[in-house]
Amino acid sequence: LMAAGAGARPRPAAPGDQPLSNVVLVACDSLDGRLTFFPGNQTVDLPSINFMKRHGTVFLNAYTNSPICCPSRAAMWSGLFTHLTESWNNFKGLDPDYVTWMDLMEKHGYRAQKFGKLDFTSGHHSVSNRVEAWTRDVDFLLRQEGRPMVKLTGHRKHVRVMEADWQNTDKAVNWIKEEAVNLAQPFVLYLGLNLPHPYPSPYAGENFGSSTFLTSPYWLEKVNYEAIKIPKWSSLSEMHPVDYYSSYTKNCTGEFTKEEVRNIRAFYYAMCAETDAMLGEIISALQDTGLLGKTIIIFTADHGELAMEHRQFYKMSMYEGSSHVPLLVMGPGVREQQQIPNVVSLVDIYPTMLDTARIPVPQNLSGYSLIPLLREKAESEASPRGPRPSWVLSEFHGCNVNSSVYMLRTGKWKYIAYSDGSSVPPQLFDLTADPDELTNVAITFPIIVHSLDKILRSIVNYPKVSSSVQEYNKQQFISWKESLGHNYSSVIANLRWHQDWLKDQKKYENAIDKWL
């Protein structure tokens with residue numbers, strides 16, 4: 001076949017010409033997309049990602065549509081922007097009966113199977129998480145997280161550190177080897193991983209968050225310490241006001257030595273290496289069963305991880321470490337060793353899945369199919385909606401950020417608008433000249449700001465959305481407070497912010513009363 005095809009461009013297959021491909025989507029949590037290409041890929045050995053790059057395509061500018069777990073996944077499973085599904089925080093996602101791309105594929109004859117972390121419907125995550133999101137407009141500043149730290153566990157042969165993820169990977173591997181291999185119909189398999197999300201930090205007391213970067217010596221050996229960049233920080237007084245709020249609530253405004261920062265980053269990269277190994281298990285299982293050549297594999301993440309860039313860990317930010325996600329695709333019809341510079345985002349997964357299954361793509365989606373980019377088709381021939389836009393949108397309405405945030409990424413620019421567009425100053429970064437996003441040039445380029453803001457407002461009436469979120473937060477908080485009755489004071493005092501709250505309980509309760 002290879003000899004016959006040498007030098008001849010394959011004819012595009014007409015629908016029904018070829019059997020439908022199987023599809024496997026592996027979605028992890030908190031993997032910085034910049035680790036999948038140069039120079040970020042110099043810091044840690046990720047052989048499975050490298051395998052996918054050799055035999056497929058890597059997207060160089062893929063973004064989350066909301067840099068936090070549930071809203072991001074809601075966008076990926078619905079194909080719609082966050083403001084359209086009103087997935088405002090980790091508690092507010094899609095309705096449980098929402099029709100996802102997987103539901104449609106199943107309806108059209110695919111065998112569908114899910115393992116691991118889904119997290120796209122409403123009603124999950126801790127009370128702390130939602131109360132912090134609801135009260136972000138209150139005039140107080142409280143630390144909501146334990147200080148980020150590292151922890152080494154096990155020995156040099158300790159491979160399975162994140163046991164729950166490995167168990168789900170085992171289930172997926174067994175399903176491929178025992179069931180998928182015998183199917184007469186095509187299949188779609190989803191594996192959701194929790195890594196490289198930081199681990200819970202019980203040392204921080206009751207209702208603790210997840211601020212521990214945990215790994216074993218086995219994975220730490222995959223990290224190239226010499227290549228780890230120590231991020232530059234602005235002084236606290238020079239930080240953008242929303243960044244300062246984020247840094248403070250994430251417990252990152254204290255002193256950190258270079259060694260501490262380097263270790264946090266190294267341990268995070270080691271956790272990424274463990275994630276990569278799970279992806280490798282899935283690829284190996286497909287190879288062992290002879291299914292690899294008939295299966296499209298997609299690897300991505302819900303968002304990234306700042307790992308102490310901009311004096312923050314976690315996500316909830318539009319900076320690259322948090323908003324830039326990995327996106328790699330390999331399989332039948334996908335060009336090999338291709339790097340795609342176009343901006344794309346997680347809402348594009350929905351139409352891509354339907355396109356792969358040759359199911360008509362609904363016209364109301366926010367996303368566009370990636371198939372034309374993967375196969376180098378003319379966009380107009382592939383999409384009745386015309387060419388994909390030259391921008392992507394990301395937005396954030398949850399905890400650790402005291403304003404709704406909207407990010408437009410187009411060309412070399414990243415434009416970040418806040419709240420109503422006037423009460424909080426915007427940010428503009430030239431990612432070509434300033435890839436580390438250290439210099440906000442919004443004041444220097446007012447015409448660019450004006451034109452990008454105009455595009456943003458044509459996509460979303462963001463002052464109106466911000467106002468809706470504020471109203472939602474207040475109503476949710478009032479309902480929650482009323483449901484607690486006499487217990488309200490003791491419950492609110494003992495959430496994740498308890499160490500600060502208990503120093504001056506009355507002051508913080510008064511601040512909430514004033515807000516209400």
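Which residues in α7 meet which residues in α10? The structure is a predicted model, in which local features need pLDDT of at least 70, side-chain atom pairs count only at pLDDT 80 or more, and totals for chains, interfaces and linings use all residues. Residues are numbered from 1 along each chain as its sequence is written, and side-chain values use heavy atoms, with hydrogens and water left out.

The mean pLDDT (the predictor's confidence in each residue, from 0 to 100) is 93, and 94% of the residues reach 70 or more. Over residues 1-16 the pLDDT is below 50, and this stretch has six contacts (heavy atoms within 4.5 Å) beyond near neighbours in sequence.

Helices (DSSP runs of H or I, at least four residues, numbered from the N terminus) α7 (residues 163-178) and α10 (residues 258-288) pack at an angle of about 10°, with their axes 9 Å apart. Axes are lines fitted to C-alpha atoms over the stretch in contact, and angles run from 0 to 180 degrees between N-to-C directions. The angle makes α7 roughly parallel (under 35 degrees) to α10. From α7, D165, W166, T169, A172, V173, I176 and K177 meet E274, A277, M278, E281, I282, A285, L286 and D288 of α10.

The axes of α6 (residues 127-134) and α16 (residues 462-484) come within 8 Å and cross at roughly 130°.

Technical notes:
Helix = DSSP H or I, 4+ residues; strand = E, 2+ residues; numbered from the N terminus. Parallel < 35°, antiparallel > 145°, perpendicular 65-115°, else oblique.
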